[in-house]
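Please open the model in your viewer and keep the sequence panel beside it. The stops below say what to select next and what is to be found there.

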Amino acid sequence: MAFLVMLFMSCAFILGSLYAVALILPYLRVMSDRRKGRIPQGPPAYPLIGTLGLDDDAPWVTYKQWAQQYGKDGMFTFFLGPKLHLVITDPEVAKAAYKDPIIGEGRPETNLSRLFNHHALAFSKGQMWKDTRRFEIMALKDFGRGSGSKNLLESYVQNAARDLIQDISNQINSTPDQPFSTRPAVLKCVANSIASTLCGGALRSDDPRFTRITDSVNVVFTEGTTPASILNVFPWLSHIPPFRQKQAMVYGRMAESAHMMEEIIAEHRKHFDTSDVRDFIDAYLKEQQEQIKNNGDAGSFTDMQLVYMSIEMYFAGLDATLGSLQWAVLLLSSVPEVLQKCQEEIYQVLGQGTIASYADRGQLPYCEATMSEVFRIGSVDPFGLPHQCTEDVMLNGYTIPKDTTVFVDYVNIHHSDVYYKDPMVFRPERFLDDQGKFVSSPHSLPFATGRRMCSGDHFAKMIVFISMVSMIQHFDMTRVLARSRPWTDILRINGVGVHPDHFTIRASLR
Ligand code: HEM
């Protein structure tokens with residue numbers, strides 16, 4: 001028996017040592033290249049442990065310091081455990097990097113990609129990613145074509161915005177002068193816009209599964225991962241306390257959400273009619289049928305990909321769009337001059353009764369500028385999703401080794417006084433030209449850039465624009481929070497996204 005124990009311990013020691021050597025050798029090579037200036041500079045790192053001092057609750061604060069110290073040429077590197085990370089801090093370098101398929105298409109394995117079983121658009125690779133991305137963009141475009149009731153996407157969003165106005169009015173009428181949080185009504189509005197587009201009536205706020213699935217979005221994104229989570233590089237830690245219980249809960253929520261989607265998809269299959277495509281799931285089933293008819297199999301359009309793409313649309317769409325709209329309420333209720341200018345513009349163009357359409361933004365340049373300013377200050381996806389180099393690649397004169405994790409520090413770009421005067425002041429005028437026309441900013445990239453840029457950007461902007469304009473049209477709002485509290489103090493990391501911390505407003509009907 002003693003012999004067996006000795007043998008087991010010796011084997012474990014030898015395997016452990018081999019594992020450590022396998023991790024340390026690439027680290028030593030990269031550190032040597034970094035000292036020679038071939039790889040972008042960065043803070044000190046230690047074998048296996050990596051770089052110390054990253055603030056997991058507010059990583060943008062640490063990245064800002066490291067960028068100032070080491071980030072010449074618009075990027076710096078650091079190590080998370082043994083893994084090299086490249087952080088891009090310049091918008092032009094970001095555009096060049098993400099245009100290149102070697103950096104622009106690759107994704108690293110992370111805790112979040114494992115949760116999505118390496119499926120959905122965000123976590124699939126190669127042909128499956130190409131095919132399903134083309135399909136998702138086309139399907140959303142098709143739903144958004146046409147005008148009036150023919151524009152399905154817009155009619156779903158407008159219906160949800162009408163309910164939002166009704167919900168806030170009810171709140172004001174039931175408890176006049178009392179402060180309240182807009183989060184529940186905004187959550188319902190965004191969830192209903194997405195659920196109608198994704199799966200018709202299912203998972204809307206009147207579905208009994210609604211509370212559970214919206215809670216799961218929160219659980220998966222807050223508990224599942226953070227951009228700098230150590231679980232991304234040491235997945236085996238998820239089997240060891242304190243991670244084990246949290247991971248089990250998050251995986252449980254994902255499995256439950258996948259089960260709900262499977263039920264909804266099965267229901268769609270029963271009533272599916274190729275000549276009446278009602279929503280995104282129908283469009284996918286139609287594409288699947290055509291693939292089978294033309295090629296003999298479904299190719300990239302597997303059943304599993306549909307389940308994870310549906311979860312992704314509901315989860316990713318809800319989290320980022322809800323966060324952005326909450327930023328809109330917070331900023332507008334804090335700066336009355338902006339609220340008033342938006343109201344004047346809306347009254348001139350739409351009056352008090354007409355609901356906005358997305359095309360109205362051409363006549364509402366100040367409101368469109370306000371939305372862009374909300375995206376800039378809020379920066380709900382502060383670093384986008386991580387990319388990974390699929391080969392060694394040259395970037396801005398440096399060699400970036402294969403397998404490096406890459407991300408862009410969008411939030412510090414958006415908040416930088418190099419690109420924006422008084423960056424923390426909420427000033428929509430920075431998105432207007434001398435004639436008062438809307439102009440986009442080349443440094444503002446809330447939906448990322450390049451090959452994996454957000455595929456739902458048009459849909460998300462439609463939801464934010466119509467819902468925000470509707471709220472401004474109907475309510476005066478004042479934030480109930482020390483007016484002097486700066487925005488930076490209100491940021492709250494929500495796993496992958498940044499939402500404003502809890503706040504309340506007082507509102508009255510106009
Ligand atoms: C205001 C709301 C939103 C913001 C700010 C936002 C932002 C982003 C960002 C920064 C990325 C990362 C891109 C990269 O990897 O470089 C992304 C990816 C993605 N977003 Fe959004 N998003 C929003 C809403 C939505 C909605 C409503 C949907 C669903 C229709 C959606 C679907 C996706 C998907 C599928 C990806 C992965 C694309 C790929 O890997 O090819 N997003 N989004």
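Helices (H or I, at least four residues) and strands (E, at least two) are DSSP runs, numbered from the N terminus. Residues are numbered from 1 along each chain as its sequence is written. What you see is a predicted model, in which local features need pLDDT of at least 70 and side-chain atom pairs count only at pLDDT 80 or more, while totals for chains, interfaces and linings use all residues.

Begin with the whole chain, coloured by pLDDT, the predictor's confidence in each residue, from 0 to 100. The mean is 90, and 90% of the residues reach 70 or more. For the complex, the predictor gives an ipTM of 0.99 and a pTM of 0.93.

Next, select the ligand and the 25 residues around it, of which Gly317, Ala320, Ala448, Cys454 and Gly456 come nearest; a residue is near a molecule if its C-beta atom, placed from the backbone, lies within 6 Å of it. Helix H13 (303-334), helix H6 (120-123) and helix H17 (457-474) each supply at least two residues of this shell, and the largest share, seven residues, comes from H13.

Now move to the open sheet of four strands, ordered S1-S2-S6-S3 with mixed pairing, where two strands pair if DSSP finds at least two bridges between them. Strand S1 (75-80) and strand S3 (387-388) stand at the edges with a single partner strand each, so one side of each is left without a neighbour in the sheet. Further in, strand S2 (residues 83-88) and strand S6 (residues 405-408) run parallel and are joined by four bridges; isoleucine 88 has valine 408 in S6 as its bridge partner.

Two backbone details close the tour. Most residues other than glycine have a negative phi, and most peptide bonds are trans. In the loop between helix H10 (210-223) and helix H11 (243-270), select proline 242: the peptide bond to it from proline 241 is cis, with omega near 5°. Finally, select asparagine 396, in the loop between strand S4 (393-395) and strand S5 (398-400), which has a positive phi of about 50° although it is not a glycine.
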